[in-house]
Structure formats: structure tokens, C-alpha cells
Amino acid sequence: MTEPLLEVRGLQVDYGVGPDAVRAVAGADLTLHRAEVLGLAGESGSGKSTLAYAITRLLRPPGVITGGSVRLHLAPGSTRDLLAAGASELRGLRWNHLAVVLQSAMHALNPVMPVGAQLTDVLQAHRPDLDRAARRAKAGDLLEQVGIPAGRLGSYPHELSGGMRQRVMIAMAIALDPQILIMDEPTTALDVVTQREILEELMALRDRLGFSVLFITHDLSLLIEIADTIAVMYAGRLVETAAANELYLAPRHPYTLGLLRSFPSLHGPRKTMTGIAGSPPDLRQLPSGCVFHPRCGYVLDQCATERPPLAEVPHGNRHAAACWLQAAGHSPPAELAGKAVAVEGSPA
Amino acid sequence: MTGPSPVLAEPEAGGVPVLEAHGLTKHFPVGGTRFAGRGFVHAVDDVSLRLVRGGITSIVGESGSGKSTLAKLLARLIKPTSGSLALDGRAIPPGARAGRRYARQVQLVLQDPFASLNPIHDVRYHLVRPLKLHGIPGDGAGNDASGLRPRGNLDEAIADLLSRVALAPPEAFAAKYPHELSGGQRQRVAIARALAVAPAVLLADEPVSMLDVSIRLGVLNLLADLREREGLAIVYVTHDIASARYLADTIAVMYAGRIVETGPAATVTDQPAHPYTQLLLSAAPDPDRGQAASLRGRGAPPNLVAPPPGCRFHPRCPHAMRICKQTVPSLTEIGAGQASACWLHASGLSAQQRAPLKIADSQAASEPPLPHPDNAAEPGEEA
């Protein structure tokens, strides 16, 4: 594994202050390495987008960061604390080092400006050395990089298809050659074919430009294909992190296992699958102990009273899970014991 | 088929289909009727379907493929431009009374349970309305003079409905308001409302796509259950071909307003015959895929105001031949229950007809669309 680029430690985000505050992210630890695709999976309300907004300091009130640290290691010996950064430092870091792509490109683009003008805007603000012609040329070049003819610079967002709008957002994000791309459900609103085309292009760009990606989505089956490492969130907490392949073949947290069993397979015999009983908790009234215990099929007495920490699991390869089953003295069931068991619904 | 699915019993084969659609076509005028003469969106063209008792048919397609328009046509929420429906083998006579009888037999569940329930009314209200409008099914005798059922029976009927969709305890749920329910619970209420009139056909338009991943299967399994327990014929409209494979007996793949392939669910996904089905499957997320996905085609669906001549997929098709641009292929049986609308499966074509279309042609044609294609291709808006 290459050296860490972005380190999130104990990050805590609340909505509101005082006794009514709701903790949306509770003590998240994440590490994004250079040129890595880190997938962050979770359902709605799990805090995955809040986490992204907190990292990029885009969080708006009533969201408040109440603890933890986010460190950006731009080069050896040059570390920036994102949570301590002031407005001007953030302005220098955003786009240059850290760019964001959001789900709804229709809302992220200005509908009354041609996309070319929006691309040159970024360059004008951050690359004052470029003149008008150079900016224009660079913008055209960026569009070509994401598979749109440069002739489309004059198009307005409504003249582009959903997939092309999202490509424009990606072009804008890579305009200043950042080291980190944070993508929040970038392809969720798109059809599968378009989604696949954009992912292919993103991966080709990553290989060429060497940036790292924090890819946030609810679609775990997609992450397993594209991510190097996956972190699974549930009710504001990271419950499992592991290499994508290991997480798929040998999940250690019952929630991850349940999620994997929620995606019907495209191959093999058709089997009855169960999903996960119950629904995600209300963050205002979190269950005691492990937040997942009311829905968990493997619940222990301890789970209702003590919150399990995210800890390295035995016989894992940089694999951590927040589950008492993995703690010393317990023997987890076969499907959570770290042996590469075939997930139900996949070919045996 | 790769063996029977334990989820689902096989539908009753043979007999008169519960609902049959023949040559359904819907063309929406562009920009509404005020701008007549600006052309038509060819949202659904010449679609025929047979729904049998206890069978689940899945309509799979991307946005703009016409799948939701088809669901609305089947529900008779919109009038077809041409084509006909037959319920239990009989055509639907004109008039409101026949329309109401049809609605009692064919019910629609919509995608968004946050929008399809009225936020100012409780669950009980949502279930009482169909019961009052259509009467409590299976019992004509107990009605009082007003034609309505005595209150006691209504409560019983509501409790029964809620327990059939696994919302327990029913008394507690009947008193709740939509905002007190999770997405999955709301969708169950929407399904219970559809069941209130004891329909023969349930049309479910993307019933789980707004729900969280972990609760989707619960709703899909409920649909499977209802078909098994109550012999409902179910139409499951979805963009997710993996879930269609899980739930349905039969899959019909739609592209640009036409059905391009139908067949037993596992056959269509395991041995897709139509190049579009192959493209769709090559793009679907699949953790079991050994190597990187390789897309079998490019581009975007066509503008449906002026759809491509011949096969509507030909501008994107890696196998396009000259004839594909000239003549619409019809759905042709190619194997056990599987049919594909593709000239590749036709025999007796001349060498000239088989001549491959130049890549340049197909590339140019697949250049994404000019202003409005999205709006034009989204039939929901006009409907």
C-alpha cells in the first residue's frame, strides 16, 4: 500500500447543538492512500455524505464538526490540517488538491451559463497565469479527456444528457489536477450503461493522472468492482473496513454480510434471499450498545449494552470490524469467520 | 432455466390470461396538445403482453424506455394511441362503470411511497377509501342500505390487509401517519391499498428503487408471497435486471418504446439473445465478474420524437446490418419461450441485407441528442 494521503481520525459531526443535537458521524477513522479508490458504502442516513461534507469543510449549519482531525499529506513533510484551515487556506486547497463531484450534476451546474464558461471560471480563479485563449483551450482539452467533443463548450447544461453533465462535473473536478477526488453518489441518477461508461473513463483518468478517489455510494455491489478498499457505514459509524475483495469474500460484520445478501446475483441458481430485517435506526433514538444489534441475527448479550470498537480482526489483512463476535473469546459463525465463503446467491 | 426457483412457484400455464395487451402504442404530442404539429414522442410502440394468474412478469428498461408508460397503459390511467386490452379474455367496454370494474381488477403501485400516500391522512384512511369506493370484496351480502359496510367489518378488513403485507400489529399501523413510517413500511401500505379491492393483477412500477438496499428484498419477497398465496398476476417494472431475475418468471426487456426480448427470467439473463440485453447485462454491477467489465455497445438511447428507422437499437448495435436500418424486426421465437426482435436471429436474409453498417454511420447516429431529448424521452412528464 502506498503512503497515506488523507487521514481522518475520530471525526465527529453533529446536526444541531446542545441536548437536541443528532450525531450523524461518530468517531470515523478513514485513511485514503495515494492512487487508491476508497469506497464508502452505506444506506441513506448512514452519514456517508455528511462525512464527505465534513472532510471537505462544505458542511453547512446546522451541521457542526465536534471532534476529530482530518489531515492532508500533500507531500512528505507537508501536512495540512483541514479542520483548522481558514477560509483562504481552504480556497487554496479546494480544486487544487481536493475536488468534489456531487450526485446531481443538473443542480451543480449553472443552468444559464454554457459549460465552457463554467470550466474556464475554475481556471480563471485558480490559474491567473493563463490568458483567455489558454483557458479556453484547456477547457476544451478537459472535455475531450472525459469523452465529450470540445465543440460542446458552448452547450448549456439542459442541452446535455445526464451522463454528459456528470462528465462535465468530472472534467471540472480534474481541471487543476487535484490529488483527491471526492465523489458522492456520482452515478446514482444515471442509467447502468451510462454509469459504466463514466466509471470506465474515471478509472482510465485515475490511471493516467494518479489521483485518489473517495467514492461514496449505497451500491455495495458496484463498489466491490471498482474500489480497492471499502468502508461500510451504519448509523453514523464505520462498522467494517477491508480490501474490496476480502470484504466481498469474507465479510466480518453481520451488517456487511446482510448487505451483500441483499443484492440478487446475475448468475447461478435463483435462491430466496432475506435482506436485513427491520429498518435503519432513527439517529435521534439510537439503540444502546451496538447500533446494529436490534437487526442482527447473531446478537450476543454484550451487544445490547456495550458499543464494539472498530478493531483489527484476527486472521485479517488490514481488515477491521466493529463487532463483538470478532473480539477475543468469541467464535464467530462460519460465514463471519474470515474464510472465503461464497456469499449466498453467488455461484458456489 | 437453471432449475426452479424456491422463491416462486411456477405460474399456472395455459388457460385464458388474466390480462392481455395487444399492440399497445402510445404517442405523446410534443409539448402537449397546444403545440400540435411539432411531432410525437413515440413512448410505447406495438407492445403485446400476456399476464397469467400467479405469474410475475418483469418489464426491464432504462429511463425513457417506455416501461412506466406501459404500466400506466396497463392500468388504463392513460389512453393508448392504438392497441387493446382484454381482461379475462374479454375486451373492455367503454364507459365509467366498466372502467371502475377494470380498476378493481388491475391495481397500480407507484415508485415513490413518499409521494403516493397523502401526508395529512393516516394509514386507515388510505385503506378505507378503496374499500368504500369498491366495496369489501368477497362479500356482497353484509352491506347496509348505503352500500357501505358496517364499521366493525371495515376494521377487520383493514387489519386483514395490514397483516397480509406484514405490518404488525395492524391496529398500531392503522393509526399511523405516513411520516411515522419508514420507506419500506410506506411501500407496504401502498401495496395493501392496492390489495384492498382484491385485484387479479398488481402493477408495480419500480416499487423498491426508492428504498434502502437492506429493505428492498423484504418488499420483493412480499410480492413473491402475494403471488403464491393469492395467485396475483404481477407486473414488476424495474431498471434493475438482477432484481428482475430474482423475482420474475418472465422478463420483457424494453428499449426505446419497444419490447426487444422476452423469455424466462433466468434464460434472458444467462443467455441474452438481443444485443441490447447483452449491453444491459454487460453494464450491470456484478461483483462476481472476474475481470473488468467490457461494455458491449456505447452511446445513449435515441430521441423518441424521431426514432431511428428500422430497429431502434441499430445506431448503437455492434452487429448492425443494412436491414436493421430499413425494417423493424419483429419478436421471433428463438428457443424455449425466448423471443428476440433482432435480425441476427432471422434466416433467409440476402447478403446485401446482411452487409454490416459502417461504423461511421452508427457512430454519427449515436451522438447524443440535441436539446430536449431527456424531456422528450421521459414519458412520465406528459402523462
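1. Among contacts in chain B between residues at least 6 apart in sequence, what percentage join residues at least 24 apart? The value is 67%, where two residues are in contact if their C-beta atoms, placed from the backbone, lie within 7 Å.

2. This is a predicted model, in which local features need pLDDT of at least 70, side-chain atom pairs count only at pLDDT 80 or more, and totals for chains, interfaces and linings use all residues. Residues are numbered from 1 along each chain as its sequence is written, while chains are lettered from A and ligands numbered from 1 in the order in which they are written.

3. Chain B has 15 helices and 12 strands; these are DSSP runs numbered from the N terminus (helices: H or I, at least four residues; strands: E, at least two). Of the 383 residues in chain B, 49% are buried, that is, 20 or more other C-beta atoms lie within 10 Å of their own, with C-beta atoms placed from the backbone.

4. In chain B, an open sheet of 4 strands runs in the order β2-β1-β4-β5 with antiparallel pairing; two strands pair if DSSP finds at least two bridges between them. Strands β2 (40–51) and β5 (90–91) of chain B stand at the edges, each with a single partner strand, so one side of each lacks a neighbour in the sheet.

5. Strand β1 (residues 19–29) of chain B pairs with β2(B) in the antiparallel sense over 8 bridges. Leu19(B) stands opposite Leu51(B) in β2(B).

6. The contact between the chains takes 42 residues from chain A and 43 residues from chain B. On the side of chain A that touches chain B, α7(A) gives the largest share, 6 residues.

Note on methods. Buried ≥ 20, exposed ≤ 12 C-beta atoms within 10 Å, placed from the backbone.
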